[in-house]
Amino acid sequence: MAVETTENTNAAKSFLLPLVVVVALVALWTAVWASGAFHESALPSPIAVMRGFGEELKSGRLINDLITSLFRVSCGFGLAAALGIPLGLWLGQKLSARIAFLPIINFFRNLSPLAWIPFAILWFGVGDASAIFLIFLSAFFPVILATMAAVANIPTVYFRVAQNYGINGLERLTQVTLPAILPQIITTLRVTAGLSWLVVVAAEMIAGRDGLGFAVMDSRNGLRTDLLVVEMIVIGLIGVALDRLLVQLTKIQSVRWGYER
Amino acid sequence: MSSKPLQLEKVSRSFGPVEVLREISLSIARGEFVAVVGPSGCGKTTLLNLMSGFDQPSSGLIARDGQVRMVYQQDGLFPWLTVAENIALGLRHLKKQQEQARQTDELLRLIRLEGFESHYPHQLSGGMRQRVELARALAGQSDILLLDEPFSALDYLTRLRLRQELARLLDERPRTVALVTHDIEEAAQLADRVIVLSERPAQIRYELSIAVKRPRDLTHPEVVSAIHCILTELGIEHDHERAAGKSLAALTE
């Protein structure tokens, strides 16, 4: 019973305390706005933002932009994972390939995908393909590097055990190598999904005609600071939601060992 | 001779300029329990890796007859598999799921971990994990068990308990065993024959047979005497007792 009570208190706490902080921040915002320190066109009031939110919902534009951005991130990020994980597996197992490719992968990993925007527009025009390309670049190299490192660091013991028990070839890949790196892969996917979500906004601001990034740019051009704040809130919340979604993967029983040791 | 499951003939192993093992000849009879002890870094694990086939000798011959399984100091279990799934790895040759499940249950009972089949290794204590490793290695029709300091990561009392446990398991499922350890008590309490290696390059320095039936008490006179012999051979004990005994005898005369 005692334990249950503490758990309830903790659940209440973990909901109430953050809420207090949010309310305080909105109050601060309102106070600054009311003080007149900022010009009306530089800082919208919370009320104006609420009205803007309603307006955006009614017009359906916000939902459309949201879906567009999510679609692009899913494609770019999915492609990066689908190609990056196998490549990382290969590089992790082949020392000479690793020596050959590591410098160039490191180079691209440290080159901001935003620097590719001009080429993205030249090659793919303005729209989905450009954004997907840029998101792909943001996730592809980190995924390769992390997978590679994870594979290279699998304890030799596991492979010896596999040999003792007759696990060879493809079975060894699916029953030893993959499960051994899965916890690290999930962590990497969480980090790179966050990165992709950051990049999609920037990509759409310059190389888009729709999507949340474009909406931000459009609101700026129309001097609609109220809508700007609406979009910022949505972008932030979706980023958090994406991470919460991927965190679910860490709850799979057979990967718990990677987080509890 | 062909009935010997494990036979080493003048086996040497060097890593570059470092000679680790020199002309080791050793044969282990079916069902025999041989312990190899020696100073740390003398090449005990190298010897075990050669026996298992993970490593090849620089010269000499190794003959193996039967299925080899190795038990590690720690972390030899696959952490992504449950206890039951880990044990079932040793039963992969069984085609029928039902038979696999039945034998897995039997092994769980054998190591007294019924009720833990769905636990993952990280949810178990070190001693429980080593018992699961033993069960996995004993599953099915394995012939040769190679134990690489299997209890050395455990606390002293758990280590003592697991020695008894291993003796009991081997009584129920006899295997040919090679144990590598720096724990001389462990060797004396478990092995039919103890091989003492010299410093690098390791050679067989001394052999000792212990005829007492397992399980043996740690304080059994034969075990104590074997420990004393091994320690003396390693230059750690110096026959003080015997010397003291002699002088006492001289006094009473």
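# A tour of two chains

Select B:Asp55 to start: with a relative accessibility of 16%, this residue counts as buried, because the cut-off for buried is under 20%. Keep in mind as you click around that you're looking at a predicted model.

**Stop 1: the partner of B:Asp55.** The side chains of B:Asp55 and B:Arg13 meet in a salt bridge, with N to O at 3.0 Å. This pair links distant parts of the chain, 42 residues apart: B:Arg13 sits in strand E1 (residues 6-15) of chain B, while B:Asp55 is in the loop between helix H1 (44-52) and strand E4 (59-64) of chain B. Is B:Arg13 buried or exposed? B:Arg13 is buried, at a relative accessible area of 15%.

**Stop 2: one helix, one pair.** Stay in chain B and select helix H5 (residues 156-172), where you'll find both B:Arg168 and B:Glu165. They are three residues apart, about one turn of the helix. Their closest N and O atoms are 3.3 Å apart, and the two form a salt bridge. Check B:Glu165 on its own too: its relative accessible area is 10%, and it is buried.

**Stop 3: strand to strand.** Next, pick B:Arg193 and B:Glu207, which form a salt bridge with their closest N and O atoms 2.9 Å apart. B:Arg193 belongs to strand E8 (residues 193-197) of chain B and B:Glu207 to strand E9 (residues 204-209) of chain B, so this pair ties together parts that are 14 residues apart in sequence. The two partners are worth checking one by one: B:Arg193 is buried at 12% relative accessible area, and B:Glu207 is partly exposed at 41% relative accessibility.

**Stop 4: a network in chain A.** Hop over to chain A and select A:Glu56, A:Arg61, A:Asp218 and A:Glu231. Salt bridges that share partners join these residues into one network. How many salt bridges are there over all chains? The count comes to 28.

**Stop 5: zoom out on chain A.** Show chain A as a cartoon and you'll see eleven helices and zero strands. Its radius of gyration is 23 Å, well over the 18 Å that the globule rule gives for 261 residues, so chain A is more spread out than a compact globule. Of the 261 residues in chain A, 40% count as buried.

**Stop 6: where the chains meet.** Bring both chains into view. The contact involves 21 residues of chain A and 20 residues of chain B. About 2000 Å² is buried between the two chains, and carbon and sulfur atoms give 58% of that area. On the chain A side, select A:Arg160, A:Asn164 and A:Tyr165: these lose the most area to chain B, together 37% of what that side buries.

**Stop 7: bridging the gap.** Which residues form a salt bridge across the interface? The rule finds one such bridge, and B:Arg92 forms it with A:Glu171, their closest N and O atoms lying 3.1 Å apart. Polar contacts join in as well, with eight residue pairs counted between chain A and chain B.

**Last stop: the helices at the contact.** H7(A) gives the most, with seven residues. By class, that side of chain A has ten nonpolar, six polar and five charged residues.

Methods:
Residues are numbered from 1 along each chain as its sequence is written. Chains are lettered from A and ligands numbered from 1 in the order in which they are written. This is a predicted model: local features need pLDDT of at least 70, side-chain atom pairs count only at pLDDT 80 or more; totals for chains, interfaces and linings use all residues. Side-chain values use heavy atoms; hydrogens and water are left out. Contact means heavy atoms within 4.5 Å. Buried area is the accessible area (1.4 Å probe) that two parts lose on being put together, summed over both. A salt bridge is a side-chain nitrogen of Lys or Arg within 4 Å of a carboxyl oxygen of Asp or Glu. A polar contact is a pair of N or O atoms within 3.5 Å; within protein, one must be able to donate a hydrogen and the other to accept it, and residues adjacent in sequence count only if both atoms are side-chain atoms. Helices (H or I, at least four residues) and strands (E, at least two) are DSSP runs, numbered from the N terminus. Ala, Val, Leu, Ile, Met, Phe, Trp, Tyr, Cys and Pro count as nonpolar, Asp, Glu, Lys and Arg as charged, and the others, Gly among them, as polar. The radius of gyration is taken over C-alpha atoms; the globule rule is 2.2 Å times the number of residues to the power 0.38. Buried means under 20% relative accessible area, exposed over 50%, partly exposed in between (1.4 Å probe, protein chains only).
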